[in-house]
Amino acid sequence: MYPISKGGDLPPPKRKGGNVPKYPWPQLEVGDSFTVEYDDRPSHTPEQITNTLASSAASWSRRNRDGRWKFTTRQTRIGVRVWRTE
């Protein structure tokens with residue numbers, strides 16, 4: 001049997017900000033963009049950053065906008081840039 005506790009505070013969620021996205025997907029309007037700059041970590045190759053952003057954008061669009069929002073990515077000299085296209 002499990003003891004029942006009355007009252008008490010609920011601890012905050014472990015995820016930073018709950019369901020707040022890491023990238024600014026909800027704020028983007030068609031034509032808007034943002035850049036994720038390259039850094040020195042070996043796991044952050046341009047290809048890896050591009051794949052992560054593309055996956056995150058598609059996932060966010062499916063969960064929040066029924067897939068109606070579209071994004072595209074391009075590798076630039078300073079980082080990977082993401083545009084909202086629809």
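Modeller: Two strands count as paired if DSSP finds at least two bridges between them, and strands (E, at least two residues) and helices (H or I, at least four) are DSSP runs, numbered from the N terminus. This is a predicted model, where local features need pLDDT of at least 70, side-chain atom pairs count only at pLDDT 80 or more, and totals for chains, interfaces and linings use all residues. Residues are numbered from 1 along each chain as its sequence is written, and side-chain values use heavy atoms, leaving out hydrogens and water.

Colleague: What order do the three strands of the open sheet take?

Modeller: In general, strands of a sheet pair through backbone hydrogen bonds, either parallel or antiparallel. Here the order is E1-E3-E2, with antiparallel pairing. E1 and E2 (71-75) are the edge strands, each pairing on one side only. E1 and E3 (residues 79-84) share five bridges, and Val-36 stands opposite Val-80 in E3.

Colleague: Which residues line the second largest pocket?

Modeller: Rolling a probe the size of a water molecule over the atoms shows where empty space is left. On a 1 Å grid over the protein atoms alone, a pocket is an open set of points where a 1.4 Å probe fits, with protein on both sides within 12 Å along at least five of seven lines; lining residues have an atom within 4 Å of a point. The lining includes Lys-22, Tyr-23, Val-36, Glu-37 and Asp-39. Helix H1 (46-65) and strand E1 (33-37) each supply at least two residues, with H1 giving the most, three.
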